[in-house]
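Hello,

Here is the structure I promised to pass on. Please have a look at it, and then read my notes below.

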Amino acid sequence: MATLPQLIEEDIRRLDETLREFLTQTDATVALVIDKGGFLLTHQGDAGELDLTTIGALSSGAFLASQTIAGLMNEKDFNHTCQQGEQASLFTMNVDEHCLLVTIFPSKSGAGIVKYFSTGAVSRIARQLAVARERDPVGGLDLSEMNVADPQELFRKKAA
């Protein structure tokens with residue numbers, strides 16, 4: 001079953017614009033859009049030496065664990081998680097049923113500003129994903145089914 005719409009260059013460009021604006025608003029270091037399986041769709045910011053692939057996978061796992069805790073507490077869901085460290089912090093917010101926004105920011109900045117501006121960024125990201133889904137309602141893909149040893153089927157050259 002497809003969990004993500006087929007994203008084209010224009011979709012990624014608009015997602016990246018949203019992330020860049022969000023980073024400017026929050027002074028965060030890096031922002032990622034990931035699917036809930038932990039696969040990195042796009043990111044903006046200065047990742048430096050950070051392993052964004054692993055951070056995406058682990059952030060997804062932590063978020064989904066918090067969803068399980070919400071269920072145990074008879075809550076519909078928790079729409080975000082926050083891990084705060086001495087130097088850096090991580091804020092993860094639900095975008096839609098398939099994607100998350102993950103933000104890495106300096107701890108001194110505080111989570112409040114990131115949480116405040118995340119709402120607008122998440123709305124724009126969800127809207128763009130909906131546009132992509134409407135373009136091809138039966139298309140899309142499930143990244144968890146991708147054969148990472150041979151991703152040729154997933155990546156094809158655009159027709160001229």
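**Helices H1 and H3**

In this predicted model, the axes of helix H1 (residues 9–26) and helix H3 (residues 111–135) come within 10 Å and cross at roughly 175°. Axes here are lines fitted to C-alpha atoms, for helices over the stretch in contact, and angles run from 0 to 180 degrees between N-to-C directions. H1 and H3 are therefore roughly antiparallel to each other (angles over 145 degrees count as such). On the H1 side, the contact (heavy atoms within 4.5 Å) is made by Asp11, Arg14, Leu15, Thr18, Leu19, Glu21, Phe22, Gln25 and Thr26. H3 brings Ile113, Val114, Phe117, Ser118, Ala121, Arg124, Ile125, Gln128, Ala132 and Arg135. By class, that makes nine nonpolar, five polar and five charged residues; Ala, Val, Leu, Ile, Met, Phe, Trp, Tyr, Cys and Pro count as nonpolar, Asp, Glu, Lys and Arg as charged, and the others, Gly among them, as polar.

A word on conventions: residues are numbered from 1 along each chain as its sequence is written, and side-chain values use heavy atoms, with hydrogens and water left out. Because the model is predicted, local features need pLDDT of at least 70 and side-chain atom pairs count only at pLDDT 80 or more, while totals for chains, interfaces and linings use all residues.

**A closer look at H3**

The 25 residues of H3 reach 35 Å from first C-alpha to last, close to the 36 Å expected at 1.5 Å a residue (1.5 Å times one less than the number of residues). H3 also has a kink of about 35°, centred on Ser118; the bend at a residue is the angle between axes fitted to the seven residues ending there and the seven starting there.

Is Ser118 buried or exposed? At 0% relative accessibility, Ser118 counts as buried (under 20% relative accessible area; exposed is over 50%, partly exposed in between, with a 1.4 Å probe and protein chains only). Leaving out residues up to four places away in sequence, Ser118 touches Phe22, Phe91, Met93 and Leu101. What covers the buried residues of H3 includes H1, strand E1 (30–35), strand E3 (80–84), strand E4 (88–94) and strand E5 (99–106). Helices (H or I, at least four residues) and strands (E, at least two) are DSSP runs, numbered from the N terminus.

Arg133, also in H3, counts as partly exposed at 29% relative accessibility. Arg133 and Leu4 are 129 residues apart in sequence and 7.7 Å apart in space, C-alpha to C-alpha.

Best wishes

Note on methods
Angles under 35 degrees count as roughly parallel, over 145 as roughly antiparallel, 65 to 115 as roughly perpendicular and the rest as oblique.
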